[in-house]
Every structure is written in structure tokens, then in C-alpha cells.
Amino acid sequence: MIKTILSSTKALTFGLLACLATQGHAQNKQKIDGVIGVVGDYIVLDSDIDKTYLELSAQNIPIKDISRCELFGKLLEDKVFAHQAIQDSIIVADSEVNDLMNRQLDNMLEQVGSMDKIVSFYKKKDVADLKAALFEIIKEGKLAEGMRDKIIDGVDVTPEEIRQFYNAIPKDSLPNFGAEIEIGQIVFKPKVSQEAKDEVIRRLKEIRQEVLDGGSFFSKAVLYTEDPGSKSTGGFYKMNRKTPFVKEFKDVAFSLKEGEISQPFESEFGYHIIYIEKIKGQDLELRHILMAPKISPSAELEAKERAEKAREEIKSGAITFADAAKKYSDEKETKNSGGKLVNPRTLETRFELTKLDPGLYSKVSDLKVNELSYIFPDNDTQGKRVFKIFTVTNKIDEHLADFTTDYMKIKDLALNKKQRAEIEKWLNKTIKDTYIFIAPDYKSCTFDREWIRK
């Protein structure tokens, strides 16, 4: 039985590319598509199963032993989550769906090379029709994801439950954890000159005035904004006070009236102007333009020289790496922890070597504990040039799970098991209370759940 299948929001691009690559081989196997299942207000088509097979194949997941009945059951489960999300008033912002859809379309276009091929594959009449269909697919996936999150919200494990989970694992079945390292870094950012800041502010004020004189904010954003997440939509975002935008952005946005354009203001990403398009209750529909001041070659050279000086101090023993990070680092996320990096997947300081980002792996994998790396140029999360020094603070060899050493990993395994049990309980109950239809051709399937009412 398949335990997990990528949701449509993650597998869409893979599925399309695989389908386009294999369309020629499928011509002789075409059949009439039809509704094979209904869950509440959602339907499952026969072709949905074929597309899911291709999505799995595109990710090198073996499909030889996966039956159509198994895939059908998994698709029915996804519909239950999405259907119940609507009943429970789970909100998925249209701006979030549009942003994800546009990013996926950009990725598809880059890989396939033609929007016509994408439109043709989805059997749509034009790009607008395609976007409408993709919007619904992505929104359904996000609703299902939101419902799953709601089910397991508040589920936690106590230390005693973690201990019992670990003790219940037979000794010959203990998980094997790969080699891990703990990494420290010091980041040196080039300083932005006041002249560069003034130039960006001047340009944004100029654009603002052009819009006030009758120009299109949408067009200006498409041409000039440096925000990749909203460039293709003319700088559009929909937000409320709970939307995770930086404080400076939210403070300005909620101080404006409908139709008003802000003066340029600064955030950690650069400088912005905001235009409020609509105010709907607690929600704002807005457009913005982001511009970041340009870094001069002399500022880059100065940052590199600061990095070289700090490296020499650490190497000579005049200061420890951790103290140097606190004294010199320009990265606030790691500065106060002595430069320690946190694994974003596990929120621990350990990184499994086989799962380490290739770029980072090449810089630290050969370092001995407490050895310094060379100075590496890199780009920060906003794409700006920085310089980094790395060290390895600890190395852990491959080993069998140990309760003390690997407590956080064991906790994650125990929590995952408890969350799965909660979802199973919820699914079994919700299926009984939801309208389900299974087409006659699939009533002979042996399902793990009671999709067919007796």
C-alpha cells in the first residue's frame, strides 16, 4: 500500500514533464475518460490515476507493484481532506495559490520550452483556461494540506511516550543514522553606501509620481520590481495582519487608504513602495515595487578584507571562532549563537552529510573539527553577495539510534507515529459521514478503507 504520494502542488511539474516525455508511447492506449469516484463536492477521473502514475515515475518511485485500486484509494483520501477543509472553513488565500501557480508555470516553461505544449497536455483551449484549471488543482492540494495540519495541530509527545516508543523498537530493528556534522559560519556583508540608497529612493519616488500622473502600477511593477515572487503578477499580494510579512511592510500597508501609494520605505529586503488596490474587511489587496541598492566593487573588497582579517585572528588563536562570530558576523540569525547553523528540516544543529546542500557540502565535508575553511563568496537569501568563513564544530559517525545522543530524532519518529494515528482515526470517522460514490468498474477493488458502503 502506498503510504504517501506527492500532493499536486509539489508534483505538478514532474508529472507534466513525464507525461510530455511519454505521450508518444501512450497514444495506442487512450481510453474514454470518466468519473470513477465522488467525495462530497469533489470528483476523481480515470485519467487522474494515469497522471499519478507518471508523477511517481518522474520521481523514480517504483510503480510496478502499485495497483490502480491503491492509487484510486489515495486520491479518494486527498479529496476527503479537501472536502472537509471547506466544511471547516479553512482559508487558502488566492494570492498564495496564484504565486505557487505562476512559479510552477515558469518552471514548466523553462523545462518544456513552449506554453502551447503545456496548454495542449492539459487539453485546454488557451493559457487563461489552463490557469483556471491549475488554480483549482493547486487550491485543492493546499486545502488538503491545511486540513492535515489542523488534524495534527496540538498533537505532541511526552518524554515518557518517547521513551516507550524507543524501548518498543527491537534491538535488531533500531534505525541507522548517517554521519552528521555541526557547522559554524561567519558572514561578512558589503556595506551599502548612502549614495546607493539615495539613488533607489529617488527612482522609487519617480515611479510613484509617474503612477500618480496616470501610469499603471501593474506595468511599473512588472518592469522594475526585484521581488521574484510577485514580478509576474505586477507586484500583487493579498494579506491581513496575520500574513507573515516583515513588520515594516505590514506597518506601512495598514497605514494606507484604498487607492493610496506609500512613500519609499526600507525593510531588510531593500526599499519598497506600496499601492493599496482594495480593502476588503481585514484583507488588503495591494501591489508593491521592491528595489535593492546596488553594492559597489569597493564595498565588496572591503567586506572580503574584513573576512581575511577575522580569519587571521582566529587562526592565530587571538580569538575563538564563536567569539569572532559574535564580534564580526553580519548575519543576525547566527551571530549570537557563535555562528552555529541550524538545520531547517530538523531545527537541530546537526546536518546529515548525505542530505547536505551540495554547495555547502563542498566547502565543509573535508574540514577537520575546528579547522577553518578558506573565505568563500556566496549569495544571501536576497541574492546579495557576501563572504563566509566556515568551520566544523563536531562530527558524528554513522551509528545505530541511541536514546540519549539521538533524542530529538527519536522524538520526531514518535511524534510522526502519533500524528499518523490521529489522521487515521480522523479519516475513518470522516469517511463514514461523507457522501462517497464509487463507479461500478472499481467496486471490485479491495480497499484499506470503507469507501464502498455495505
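Just after helix α6, G154 takes a positive phi of about 90 degrees. The model is predicted. Helix α6 covers residues 127-152, and D126 caps its N-terminal end.

**Helix α6**
- At 1.5 Å a residue, the 26 residues of α6 should span 38 Å, and the distance of 38 Å between its end C-alpha atoms agrees with this.
- The cap at the N-terminal end consists of a side-chain oxygen of D126 that lies 3.3 Å from the backbone nitrogen of A128.

**Nonpolar cores**
- The largest nonpolar core has 46 residues, and I49, F72, F81 and W451 are the ones that touch the most other members.
- Neighbours within four places in sequence aside, F81 is in contact with L143, A144, M147, R148 and I151, and also with I423, W426 and L427.
- In soluble globular proteins, nonpolar side chains tend to be buried together.

- Most residues other than glycine have a negative phi.
- S89 has a positive phi, near 60 degrees, although this residue is not glycine.
- S89 sits in the loop that runs between α3 (68-87) and α4 (94-112).
- Exposed means over 50% relative accessible area, so S89 counts as exposed at 56% relative accessibility.
- L347 is another non-glycine residue with a positive phi, near 60 degrees.
- The loop that holds L347 lies between α13 (332-335) and β9 (350-352).
- L347 counts as exposed because its relative accessibility is 70%.

**Antiparallel sheet**
- An open sheet is formed by 4 strands in the order β5-β8-β7-β6, with antiparallel pairing.
- The edges are β5 (236-239) and β6 (265-267); each has a single partner strand, so one side of each is left without a neighbour in the sheet.
- On average, and with direction ignored, neighbouring strands of this sheet are turned by 45 degrees against each other.
- Strands β7 (residues 270-280) and β8 (residues 283-291) run antiparallel and are joined by 9 bridges.
- Across this pairing, K280 stands opposite D283 in β8.
- Helix α9 (residues 217-224) lies across β7 and β8, and runs at about 40 degrees to β8.

How values were computed
Residues are numbered from 1 along each chain as its sequence is written. This is a predicted model: local features need pLDDT of at least 70, side-chain atom pairs count only at pLDDT 80 or more; totals for chains, interfaces and linings use all residues. Side-chain values use heavy atoms; hydrogens and water are left out. Helices (H or I, at least four residues) and strands (E, at least two) are DSSP runs, numbered from the N terminus. The expected span of a helix is 1.5 Å times one less than its number of residues. A polar contact is a pair of N or O atoms within 3.5 Å; within protein, one must be able to donate a hydrogen and the other to accept it, and residues adjacent in sequence count only if both atoms are side-chain atoms. A nonpolar core is a set of buried Ala, Val, Leu, Ile, Met, Phe, Trp, Tyr and Cys residues joined through side-chain atoms within 4.5 Å. Buried means under 20% relative accessible area, exposed over 50%, partly exposed in between (1.4 Å probe, protein chains only). Contact means heavy atoms within 4.5 Å. Two strands pair if DSSP finds at least two bridges between them. Axes are lines fitted to C-alpha atoms, for helices over the stretch in contact, and angles run from 0 to 180 degrees between N-to-C directions.
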